[in-house]
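Here's a quick tour of one protein model, made for someone new to reading structures. Have a look at the fold first, then work through the points below.

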Amino acid sequence: AYSRLYQSLEFPSSCLLHPITSIEYQWIQGRLKAEQQEELAASFSSLLTYGLSLIRRFRSVFPLSVSDSPARLQSLLRVLVQMCKMKAFGELCPNTAPLPQLVTEALQTGTTEWFHLKQQHHQPMVQGIPEAGKALLGLVQDVIGDLHQCQRTWDKIFHNTLKIHLFSMAFRELQWLVAKRVQDHTTVVGDVVSPEMGESLFQLYISLKELCQLRMSSSERDGVLALDNFHRWFQPAIPSWLQKTYNEALARVQRAVQMDEISHTARQLDWPDPEEAFMITVKFVEDTCRLALVYCSLIKARARELSSGQKDQGQAANMLCVVVNDMEQLRLVIGKLPAQLAWEALEQRVGAVLEQGQLQNTLHAQLQSALAGLGHEIRTGVRTLAEQLEVGIAKHIQKLVGVRESVLPEDAILPLMKFLEVELCYMNTNLVQENFSSLLTLLWTHTLTVLVEAAASQRSSSLASNRLKIALQNLEICFHAEGCGLPPKALHTATFQALQRDLELQAASSRELIRKYFCSRIQQQAETTSEELGAVTVKASYRASEQKLRVELLSASSLLPLDSNGSSDPFVQLTLEPRHEFPELAARETQKHKKDLHPLFDETFEFLVPAEPCRKAGACLLLTVLDYDTLGADDLEGEAFLPLREVPGLSGSEEPGEVPQTRLPLTYPAPNGDPILQLLEGRKGDREAQVFVRLRRHRAKQASQHALRPAP
């Protein structure tokens, strides 16, 4: 029965250990009838087959984006190991292969199936060699990412449980599959490689190098692999790579020679008359600075012209990156003019001819004006670059929240992360560090703005919010770049921290939000310093040996007079919250006291409850003090929350001794604006959330009907 339930419902596989252990202890050969033995054997086989199917698909069934996935997989493996070790299993299923062999075969099959699914995912819409190259590069990067996960997480679980080296097995299978695809692709490309294809092959070559480096962590490092000597497949592309390197170097050399001619001409002239030499130098500087600003205008116009018909935002951003880099190079050249034109020597020569400060007011003023103009253009370029990249980021985030539910979060964020990885890698290579840091800062600000807008539009969807939360975590890592990007202080802005808190709430399940609500009310009560609504006094203890929570409700004091006669008829409701943690326990009530603002209840209540749910954060005894009305609805005096994890007998391992009294101030729920209730209210399809919100809104409405008593 447990086996059938496990295959149709989601519950921890560890629940199967108890019936398995019970069967093992009570097994006596021949005790069961033949029909019962067949039924038990079928149950064993069914559970084994189902467990192997989960293991075959462990990458999707136990995603690392869910924190307890490794523990769940390890629990399943332990159940299967325990079952296969049973005498009953050995006698009823004698022809079953050893479990390690079955699991290894399932992992091999599952790895191949996962590879083919990824290959289909990367299949380009437009068929062509360049598109096939991009798809193959994405596939290889996915394989590298999967092997890293196997190496860091999954290998240890399979080895500790079944002595199976998952990483080595996955590396062996995947490198063979990758090698076959790469060989086919390079064969189709042929011996004549265009510059565009050469760049694609170079990126593929670098990724294969990274993949082969993982071999050192595999048990296959001494064997023969399909990727051995893979560099030979790329030999036809070498001339294209070398030509690109030569062209870039040649262009830089030519620009350097042209800029050097300015200072070379000035030094050759070396005019002997000091005053005229000063005027000539002023003209040199004036013309050079003017040319620098004209050059900025020209390359900006050219970049706009080229990018206007460019649909690919990444390509447009790359063009702008070249513009910024050229302007930065020009600023460096202009900054060297004083040394190249020997201003110090000129100042000494014209000291007797010029008025004091004239050189400073002319040459240096011209230079600073030009440098300021170039600096402004560079900052504008960096800002525009960040805005263009923001467009790409916004598109990927929009796709992220709209992707179908069956796509795993880590797969959903891959396009965004790959886009950023490619673009930031290019920017880091082509921008000087100062401008790259400025770009990262601006881009991080823009990215947070996009995420805030996306989070606001997805408040009612915990699935989309969870994807945004994972995206924020990965973006933080990307922008930090292991210390090479933005420092933590620049990343953890007020916007980031607020967004992180909001997404944590939005991504939580309804039950988790209800738990957080009670945590919040307990914290608010702890910060309450006055007893304007009155207070209740209780004694509570827990006896682990009996699994019994004992509550002595002693008294209430200083209650508000809610009846027209200037008094109240108080009684107290006692409930254990959150209700989903204590579904079997009904609410309790005290006796009703007539016309008494300081009632002495002196009543004892006992709750039969396990210790585990009581120790969870947010678990509490809710004491709701009400004024009994014969005709209408009861009025709310106030609420008090007793955190169960602080109750003697639950906070430690020893049985409670003398139980102290606890005085709890009464509080009202907030009338509106509670962010947790707003999130729960937006989940229209969740009945449990709606019932909880209605009750809390009702309590808040009751509280709003009574003004606080004026201070004496």
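Let's start with an open sheet of four strands, which are ordered 4-3-6-7 and pair in antiparallel fashion. Keep in mind that this is a predicted model.

- Strands of a sheet pair through backbone hydrogen bonds, and the pairing can be parallel or antiparallel.
- Which strands sit at the edges? They are strand 4 and strand 7 (635-643), each of which pairs on one side only.
- Strand 3 and strand 6 (residues 620-627) run antiparallel and are joined by eight bridges.
- Look across from Glu 577 and you'll find Cys 620 of strand 6 standing opposite.

**Helices on the sheet**
- Helix 23 (residues 510-526) packs on the sheet and touches strand 3, strand 6 and strand 7. The direction of helix 23 makes about 95° with that of strand 7.
- Helix 26 (residues 687-704) also packs on the sheet, touching strand 3, strand 6 and strand 7. For helix 26, the angle with the direction of strand 7 is about 125°.

**A pair of packed helices**
- Two packed helices are described by the angle between their axes and the distance between those axes.
- Helix 3 (residues 34-56) packs against helix 5 (residues 69-84) at an angle of about 150°, and their axes are 11 Å apart. That angle makes helix 3 roughly antiparallel to helix 5, because angles over 145 degrees count that way.
- The two helices, helix 3 and helix 5, cross in a left-handed way.
- On the helix 3 side, the contact is made by Phe 44, Leu 47, Leu 48, Gly 51, Leu 54 and Ile 55. Helix 5 brings Leu 76, Leu 77, Leu 80, Met 83 and Cys 84.
- What kinds of residues are these? Ten are nonpolar, one is polar and none is charged.

- Most residues other than glycine have a negative phi, and most peptide bonds are trans.
- Glu 577 and Pro 578 are joined by a cis peptide bond, with omega about -5°. You'll find Pro 578 in the loop between strand 3 (570-577) and strand 4 (588-589).
- Lys 163 isn't a glycine, yet its phi is positive, at about 60°. Lys 163 sits in the loop between helix 8 (129-162) and helix 9 (166-189), and is exposed, with a relative accessible area of 62%.
- Lys 595 isn't a glycine either, and has a positive phi of about 45°. Its place is the loop between strand 4 and strand 5 (600-608). Is Lys 595 buried or exposed? Lys 595 counts as exposed, at 61% relative accessibility.

How values were computed. Residues are numbered from 1 along each chain as its sequence is written. This is a predicted model: local features need pLDDT of at least 70, side-chain atom pairs count only at pLDDT 80 or more; totals for chains, interfaces and linings use all residues. Side-chain values use heavy atoms; hydrogens and water are left out. Axes are lines fitted to C-alpha atoms, for helices over the stretch in contact, and angles run from 0 to 180 degrees between N-to-C directions. Angles under 35 degrees count as roughly parallel, over 145 as roughly antiparallel, 65 to 115 as roughly perpendicular and the rest as oblique. A crossing is left-handed if the near helix is turned anticlockwise from the far one by less than a right angle, and right-handed if clockwise. Contact means heavy atoms within 4.5 Å. Ala, Val, Leu, Ile, Met, Phe, Trp, Tyr, Cys and Pro count as nonpolar, Asp, Glu, Lys and Arg as charged, and the others, Gly among them, as polar. Buried means under 20% relative accessible area, exposed over 50%, partly exposed in between (1.4 Å probe, protein chains only). Two strands pair if DSSP finds at least two bridges between them.
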